[in-house]
Structures are given as C-alpha cells and as structure tokens.
Amino acid sequence: MLRCVDHVQLAAPPDSEDLLRAFYAGVLGMTEDAKPPALAARGGCWFRSGEVRLHLGVETDFRPARKAHPGLRVTDIAAYAGRLARHGVTVTWDGDLPGHRRFYAEDPVGNRLEFLEPEV
C-alpha cells in the first residue's frame with residue numbers, strides 16, 4: 001500500500017546547481033539536503049521544506065517540463081506569490097481549480113511549478 005510521496009524529482013541541465021540553489025533555497029526558502037557521496041558525484045541538488053522534498057537531477061539532454069509539474073501547497077499564497085515576484089519570477093494566476101487559489105511559475109531552468117492553497 002502506498003503511504004506517501006517521498007520526493008519529486010525534476011531534471012536540470014549540467015552545471016546549473018548554482019542557479020538551482022539560488023532559486024530553491026534563496027527564493028522558495030527551502031533547505032538544501034546533502035546528497036550521499038555516490039549520488040553527489042552525478043550533480044544536481046536536493047531540497048526540502050517540512051515534508052516537501054524536491055530532487056533536481058542532471059540530465060545531459062535536458063528539456064524543461066512544460067506540462068508535468070509538482071503541485072506545492074503553500075500558506076498565505078498572495079504573500080508567497082509576492083515573494084516570487086520580488087525576485088523577478090513570473091507568477092501566472094489560474095482560477096480553474098474549484099476551492100483553491102493557485103498560480104504557476106517556472107524555476108530558473110524552465111521547469112513548471114504549481115503553487116496552491118485551499119480556500120477556506
């Protein structure tokens with residue numbers, strides 16, 4: 001029986017770790033997790049915030065995910081969108097999911113990310 005999602009992995013181009021750290025840690029406020037040495041040699045970065053874990057793995061023929069994306073629940077979505085916008089990230093609001101406020105953004109390598117908060 002499935003219990004939970006342990007992590008979501010997104011792809012990234014080679015040598016993009018500094019961009020990823022600036023975005024996922026600096027902009028999103030996540031903490032970088034150290035990768036085990038055998039996996040660290042492959043490049044990429046791992047990040048977490050509470051129960052949320054995102055792994056960015058290097059792919060030599062990288063193409064950003066345009067449709068596929070993680071859906072990340074946030075609190076105070078308007079403030080979170082403002083935080084991203086202040087860092088120069090384009091925030092695209094979408095009102096098509098009943099019972100939720102949500103927006104989309106892209107990480108610095110072009111991966112699509114969804115941010116949502118249930119309406120109370």
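Mentor: D76 is found in the loop between β5 and α3. Helices (H or I, at least four residues) and strands (E, at least two) are DSSP runs, numbered from the N terminus. The model is predicted: local features need pLDDT of at least 70, side-chain atom pairs count only at pLDDT 80 or more, and totals for chains, interfaces and linings use all residues. Residues are numbered from 1 along each chain as its sequence is written, and side-chain values use heavy atoms, without hydrogens and water.

D76 is not a glycine, yet its phi is positive, at about 55°. Its relative accessibility is 48%, so D76 counts as partly exposed. The scale is this: buried is under 20% relative accessible area, exposed is over 50%, and partly exposed lies in between (1.4 Å probe, protein chains only).

Now the elements on either side of that loop. β5 belongs to an open sheet of 4 strands, ordered β5-β8-β7-β6, with mixed pairing. Two strands pair if DSSP finds at least two bridges between them. β5 (71-73) and β6 (92-94) are the edge strands, each pairing on one side only. Neighbouring strands here are turned by 30° against each other on average, direction ignored. Angles run from 0 to 180 degrees between N-to-C directions, with axes fitted to C-alpha atoms, for helices over the stretch in contact.

Inside the sheet, β7 (residues 100-106) and β8 (residues 112-118) pair in the antiparallel sense over 7 bridges. A105 has L113 in β8 as its bridge partner. Helix α3 (residues 77-86) packs on this sheet and touches β6, β7 and β8. The direction of α3 makes about 15° with that of β7. Contact means heavy atoms within 4.5 Å.

Next, the rings. The structure holds 5 aromatic pairs. Rings of Phe, Tyr and Trp (its six-membered ring) pair if their centres lie within 6.5 Å; planes under 30 degrees apart count as stacked, over 60 as edge-to-face and the rest as tilted. Y80, W93, F103 and F115 are linked into a cluster by ring pairs. Elsewhere, the rings of Y24 and F47 have centres 5.4 Å apart and planes at 20°, so that pair is stacked. Y24 lies in helix α1 and F47 in strand β3, so the pair ties together parts that are 23 residues apart in sequence. Both are buried: Y24 has a relative accessible area of 0%, and F47 has 1%. R112 meets a ring in another way: its charged end sits over the ring of Y104, 4.0 Å from the centre. That label requires NZ of Lys or CZ of Arg within 6 Å of the ring centre and within 35 degrees of the ring normal.

Last, the core. A nonpolar core is a set of buried Ala, Val, Leu, Ile, Met, Phe, Trp, Tyr and Cys residues joined through side-chain atoms within 4.5 Å. The largest one has 26 residues, and Y24, L28, L84, F103 and F115 touch the most other members. α3, β7 and β8 are among the elements that give two or more residues to this core, and so are β1, α1, β3 (45-49) and β4 (52-58). L28 touches F23, Y80, R83, L84 and F115, leaving out residues up to four places away in sequence.
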